[in-house]
Number of protein chains: 2
Amino acid sequence: MSEQSDTGRRPRTPRNTLSADLILDTALRLLDERGLDAFSMRALAEELGVGTMALYTYFRSKEELFCAARDRVFGRYAPPPRTGGPWHRQLREACLGLYQLFTGRPSVLQLLAEQHRAERPAEQGPAVGAVATMEHMLGLLRGAGIGREEAARAQTALVQYTVGAALRAGRTRCTDAEQRRRFQARLESLSAEDFPLIVDLAPELAAAQESTTQYAFGLDLILAGLRTAGSWEAAGRDDGAPPAQSD
Amino acid sequence: MSEQSDTGRRPRTPRNTLSADLILDTALRLLDERGLDAFSMRALAEELGVGTMALYTYFRSKEELFCAARDRVFGRYAPPPRTGGPWHRQLREACLGLYQLFTGRPSVLQLLAEQHRAERPAEQGPAVGAVATMEHMLGLLRGAGIGREEAARAQTALVQYTVGAALRAGRTRCTDAEQRRRFQARLESLSAEDFPLIVDLAPELAAAQESTTQYAFGLDLILAGLRTAGSWEAAGRDDGAPPAQSD
DNA sequence: GGCCCTACCGTACGCTGTACGTTAGAGACG
DNA sequence: CGTCTCTAACGTACAGCGTACGGTAGGGCC
């Protein structure tokens with residue numbers, strides 16, 4: 001037969017069937033379906049029906065591809081519609097929107113985690129698409145009469161907390177309930193003498209591992225703190241929230 | 001000496017020179033010195049002057065070794081001495097201690113990141129050594145009159161924020177100032193029409209990337225929120241911090 | 001002395017990312 | 001139509017990874 005069926009010599013893809021967008025969409029789909037561990041340039045190429053090295057025509061490396069994938073998702077992010085209402089409520093909505101962007105698709109979470117693991121952050125910009133949300137948050141904070149530096153720090157803290165919570169949420173994907181049961185069991189197996197509270201509160205602690213409610217809880221704590229701080233200039237109580245002068 | 005220099009055939013290590021502790025200490029040193037990317041079972045074995053597979057006598061896999069390394073560090077963690085004072089100040093000290101544990105050694109941060117990246121968290125327990133700090137935190141919260149569920153959630157939020165901040169801090173290691181300068185430059189290169197506040201606050205936002213001060217700022221926000229929430233039972237204002245009843 | 005147990009080790013397999021050089025097909029031009 | 005060029009797509013190769021498997025030698029025991 002004319003078919004040289006020797007070990008998968010492929011029939012050479014036509015000429016312009018590939019594109020950066022097609023590659024990125026397929027990569028994101030692969031990440032969603034099979035997870036980061038199952039992802040590889042070879043697997044991606046096979047999914048596209050293409051030789052592995054064809055990918056390197058469009059991206060110089062796997063890391064560059066990941067950055068582009070992340071920017072693609074973030075770039076398409078549409079923040080939730082402005083609801084009006086007090087500034088802290090709007091801030092809450094904005095943060096929840098970000099959180100859901102991060103946790104909505106497994107692939108996004110995995111790209112985030114990978115980015116955090118990277119030794120050298122390279123040139124990867126700051127999540128270009130979500131910048132509008134950053135701007136919105138800063139506007140709300142400044143509008144509430146919060147000073148320049150404090151607004152910047154508060155915005156950073158909110159993003160930091162959101163990313164951290166999203167990463168943590170990613171660890172307990174799939175088998176939510178099962179995972180939490182085992183967590184509880186492990187807490188309860190601790191010495192009740194040395195750690196009476198942990199053992200006693202094990203059910204509550206396990207329940208707090210659930211993601212969205214717990215995220216909202218911490219978020220509301222931060223927002224309440226922001227409201228309390230009130231007059232930022234006149235800060236300096238002996239036991240309140242001093243201007244953070246540790247080393 | 002009698003070196004058979006033919007391509008590294010080694011002279012067989014005596015019999016009981018290896019031990020789990022020695023392996024873990026060497027692994028942590030390697031991680032501190034050369035980073036996660038340069039770490040491999042082969043490199044670790046070579047550092048020990050030992051065949052690669054000797055490591056598998058003590059650990060079933062690389063992941064198990066990492067978990068043991070993490071537990072070793074956490075297990076040796078001594079929380080800062082109890083200072084007395086109001087509960088929220090003590091809570092602050094406890095969290096700062098945890099944060100410094102996480103950020104103090106590069107290796108710890110890298111193990112944390114790796115753990116967060118893992119697809120299947122396997123059997124890795126909850127950072128066994130730092131459990132005493134968890135207990136301490138819960139005691140402070142409960143002592144402040146905070147309810148069971150809220151205490152558990154607050155404790156989880158504090159740990160979550162701390163880990164998230166530590167991970168973020170890890171990204172800007174080594175070249176701190178340089179990294180922040182580039183971050184600021186990238187912010188300033190955005191369209192001043194679309195993102196006036198970001199461009200305006202670029203210096204402050206870049207400064208907020210610095211780790212410890214920024215961590216303390218967010219921590220104080222959370223603690224202030226905890227103090228404000230006050231009587232937890234009587235919560236239910238229209239715009240305050242409702243008991244987080246999303247999804 | 002002889003034996004066993006096991007800590008240590010060498011080899012090998014399948015996987016990874018990607019450097020490098022090759023090839024074929026589309027478009028431009030005579 | 002023939003030919004030339006440019007480059008998207010490709011195959012091969014390499015160094016390195018984690019680790020399954022089986023071998024080997026040396027310390028402890030009878």
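Me: What share of the contacts in chain A with a separation of 6 or more comes from residues 24 or more positions apart?

Reply: The share is 67%. Bear in mind that this is a predicted model. Chain A has eleven helices and zero strands.

Me: What makes A:Gln214 buried or exposed?

Reply: The relative accessible area of A:Gln214 is 0%. Buried means under 20%. A:Gln214 is therefore buried. The residue sits in helix α11 (residues 211–229) of chain A. Of the 247 residues of chain A, 47% count as buried.

Me: Which residues does A:Gln214 touch, leaving out those up to four places away in sequence?

Reply: They are A:Tyr161, A:Ala208, B:Arg153, B:Thr156, B:Ala157 and B:Gln160.

Me: Why does the pairing of the A:Gln214 side chain with the backbone oxygen of B:Arg153 count as a polar contact?

Reply: A polar atom of the A:Gln214 side chain lies 3.0 Å from that oxygen of B:Arg153. The cut-off is 3.5 Å, and within protein one atom must be able to donate a hydrogen and the other to accept it. The distance of 3.0 Å is within 3.5 Å, so the distance test is passed.

Me: What makes A:Asp21 and A:Arg72 a salt bridge?

Reply: Their closest N and O atoms are 2.9 Å apart. The limit is 4 Å, so the pair qualifies.

Me: How do you know whether A:Asp21 and A:Arg72 are buried or partly exposed?

Reply: A:Asp21 has a relative accessible area of 42%. That falls between 20% and 50%, so A:Asp21 is partly exposed. A:Arg72 stands at 16%. That is under 20%, so A:Arg72 counts as buried.

Me: Why do A:Arg29 and A:Glu33 count as a salt bridge?

Reply: The N to O distance is 3.7 Å. That is within 4 Å, so the label holds. A:Arg29 and A:Glu33 are four residues apart in helix α1 of chain A, so about one helical turn separates them. A:Arg29 is partly exposed at 35%. A:Glu33 is exposed at 52%, because exposed means over 50%.

Me: What makes B:Arg92 and B:Asp220 a salt bridge, and where do they lie?

Reply: The closest N and O atoms of B:Arg92 and B:Asp220 are 2.7 Å apart. B:Arg92 is in helix α4 (residues 87–104) of chain B and B:Asp220 in helix α11 (residues 211–229) of chain B, 128 residues apart. Within 4 Å is the rule, so 2.7 Å meets it. B:Arg92 is buried at 10%. B:Asp220 is buried at 6%.

Me: How many salt bridges are counted over all chains?

Reply: The count is 24.

Me: How many residues surround DNA strand D, and how do they divide?

Reply: There are 26. They divide into nine nonpolar, eight polar and nine charged. Among the closest are A:Arg15 and B:Arg42.

Key: Residues are numbered from 1 along each chain as its sequence is written. Chains are lettered from A and ligands numbered from 1 in the order in which they are written. This is a predicted model: local features need pLDDT of at least 70, side-chain atom pairs count only at pLDDT 80 or more; totals for chains, interfaces and linings use all residues. Side-chain values use heavy atoms; hydrogens and water are left out. A residue is near a molecule or strand if one of its heavy atoms lies within 4 Å of it. Ala, Val, Leu, Ile, Met, Phe, Trp, Tyr, Cys and Pro count as nonpolar, Asp, Glu, Lys and Arg as charged, and the others, Gly among them, as polar. Helices (H or I, at least four residues) and strands (E, at least two) are DSSP runs, numbered from the N terminus. Buried means under 20% relative accessible area, exposed over 50%, partly exposed in between (1.4 Å probe, protein chains only). Contact means heavy atoms within 4.5 Å. A salt bridge is a side-chain nitrogen of Lys or Arg within 4 Å of a carboxyl oxygen of Asp or Glu.
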